Amino acid sequence: SCCRLRPPPVAMRHLLVVGLAAAVSDGEMERVIVDTFAGRGALLGSATAAYQVEGGRYTTSGPENTGKITGTLRENHIWDDFSRNVTLHGSNTADVAVDFYHHWEQDVDLIHSLNFNAFRFSISWSRFVHIDPSTKAQTINPAGVAFYQGLVDALHARGIEPVVTLYHWDLPSALVDYQNLTAHGGLNDPEFVGYFVAYAELVFGNLRGVRYYTTFNEPQSICCGGYGGTGAAPGLGSTLQMYRCGHHLLVAHAHAVASFRRTAPAGAKISLNLNQDFPYPRNASDPDDRAAAERQLIFRLGWWADPVFGTGDYPKEMKEFFVEHGIDLRFTPEEQRLLKGSADYYAMQHYSSMVCTPAGKSTRENFGVQCTSEGTEARGWWPAASFWLKVHPEGIRAMLGWIQARYHPNELIITENGVDDEDNGSAAGPTPSCGALDDPSRPGQCGACTLANVRDQFRVEYYRGYLYNVALAVKDGVNVRGYFAWSLLDNFEWSDGFRCRFGLVCIDYTAPGKTRIPKSSAGWWRQLLARIDSARTTVVDALI
């Protein structure tokens, strides 16, 4: 995710969010949320990702990232390289990030204190294994395994379910040839399939106590951002490489799931995290706009979901598109067999909505559709800090309904949903933009938590509105079995560095220990989950 625009004043946001259900009070929305989730035994948690929070790249001569660098705690990956070779916002890297590596025990206590019963995190491939740069052979890194095992064990000790993602964008650099990225740029390379399956098997065989896995976080973001575009690692900027990335990712997922199912304990489940903002037709009465919105869903979500939850193959519209544009990507019969049904639950990620219209003749780049979230404030959608994130709570209900109608998943878990504001308190109104965290020209501004960051009533309203619409989708017949707020902590937001704050907990980046300060939204979640737990107990007592 990345941020560009400043949110409107808090009072304006409140009006916009409440406008989604003008006749429904905050209290009524919360009552519906509590009643819906109390009897479902749902996973209700928060989420993070390795590179965004861990830090822990180096050992130093002093405690916690102080003193001279004396060694490494993990090997290089493509975001290490990308953050140094392109200009990210504020010239930041995540070598330290929010230092979860040194503070994870404190953070697990924090998760527990907020009453969450689940926590989603990703494993850093380059921390868990060592890769021989010549042979590409992978062996476990005992210190890396011990780190993640300690985290899993601590979560279980507090009654928190770990949900583990194998790949959240941090491909080891040893698997990339920077002199020949078009052939060996990672996921665009057919050899990636074997590399990923070998890594997945090392995780499955060496990490105990994990019942919920996902293979890839947001394939759309991985391939569109890093291979079709230049704004994410490795930044190839080629539509053909984008589709090659997607093809190899799907094959790798299928083989990894097959391996998982051969050895997984009873009750263990696996999926992949599929993101999609809901596309509305620009003009709901225009059949061409309606067709464009549907085509957007097929080409950006059906691309992944049809092979896994449907036929085992690409949507027919995409196969026709590949033929039209000379893209030779076809699954073998064996790959189709492995792909079909290669998820035990649907892992959905959703933040925003957009509007779509036809874009003229289909090209490799736009498949005949043009979608945008720009200008949607006129529809009553308020802008968050990220330029692409426009708040429209009804969009998540519409997205859930589309998924249910097309794929009929037995179980669905929302693995990310959230909203951001900008660093240095711009949520309260115009303030100077924050540059590098060590910028001496702005002492006390960049990276510190402001009152506006901590008193995040707009985020409370976001979660209330979106959860209410999830509850309505459950009443519509969607079997939602979990929900994860993004994110537990403010963190490194990829190409925008530390400028965007998605967390329930504010991070003071200026403090040596990256001080954690729970926001108003954290308190709201604590109270909401306590009410759900209380209602759940009442339901159980009534059954005894």
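# Close-up views of a predicted protein model

View 1. Look for W525: leaving out residues up to four places away in sequence, W525 touches L114, F116, Y463, L467, Y483, A485 and L504. A contact, or touch, means heavy atoms within 4.5 Å.

Before moving on, a word about the model. This is a predicted model, in which local features need pLDDT of at least 70 and side-chain atom pairs count only at pLDDT 80 or more, while totals for chains, interfaces and linings use all residues. Residues are numbered from 1 along each chain as its sequence is written, and side-chain values use heavy atoms, with hydrogens and water left out.

**View 2. The whole protein, for orientation.** The protein has 18 helices and 21 strands. Helices (H or I, at least four residues) and strands (E, at least two) are DSSP runs, numbered from the N terminus. Of the 544 residues, 60% count as buried. Among contacts between residues at least 6 apart in sequence, 76% join residues at least 24 apart.

**View 3. Strand 1 and its two partners.** Strand 1 pairs with strand 18 (residues 480-486) in the parallel sense over 5 bridges, and F484 of strand 18 is the bridge partner of G45. Strand 1 also pairs in the parallel sense with strand 4 (residues 118-122), over 3 bridges; here R120 is the bridge partner of A47. Two strands pair if DSSP finds at least two bridges between them.

**View 4. The largest cavity.** A search of the whole structure finds 1 cavity of 30 Å³ or more. A cavity is a set of points, on a 1 Å grid over the protein atoms alone, where a 1.4 Å probe fits but cannot get out; lining residues have an atom within 4 Å of a point. About 40 Å³ of space lies in the largest cavity, where a volume is the space filled by probe spheres set on the grid points, which are joined across faces, edges and corners. The lining is made of A50, Y51, E54, G55, R74, H77, A94, S124, R127 and D170. By class, it has 3 nonpolar, 3 polar and 4 charged residues. For this count, Ala, Val, Leu, Ile, Met, Phe, Trp, Tyr, Cys and Pro are nonpolar, Asp, Glu, Lys and Arg are charged, and the others, Gly among them, are polar.

**View 5. Helix 10 and what covers it.** Helix 10 (residues 219-228) is largely enclosed by the rest of the structure, because 7 of its 10 residues are buried. Those buried residues are P219, Q220, I222, C223, C224, G226 and Y227. Their cover includes strand 7 (161-167), strand 8 (212-217), helix 11 (239-263), strand 9 (269-275) and helix 12 (287-309). G228 also belongs to helix 10, but counts as partly exposed at 25% relative accessibility. Not counting residues up to four places away in sequence, G228 touches C223, G237, S238 and M242. The C-alpha atoms of G228 and L240, 12 residues apart along the chain, are separated by 7.5 Å.

**View 6. Two cis peptide bonds in loops.** The peptide bond from A233 to P234 is cis, with omega near 0°. P234 sits in the loop between helix 10 and helix 11. The bond from W486 to S487 is cis too, with omega near 10°, and S487 lies in the loop between strand 18 and strand 19 (500-501).

**View 7. Two residues with positive phi.** K136, a residue other than glycine, has a positive phi near 70°. Find K136 in the loop between strand 5 (129-131) and strand 6 (138-140); K136 is partly exposed, with a relative accessible area of 24%. For H408, also not a glycine, phi is positive and near 50°. H408 belongs to the loop between helix 15 (394-407) and strand 16 (412-416), and is exposed at 53% relative accessible area.

Methods. 1 Å grid on protein atoms, 1.4 Å probe; cavity = no way out; pocket = protein on both sides within 12 Å on 5 of 7 lines; lining within 4 Å. Buried < 20%, exposed > 50% of the residue type's maximum accessible area, 1.4 Å probe, protein only.
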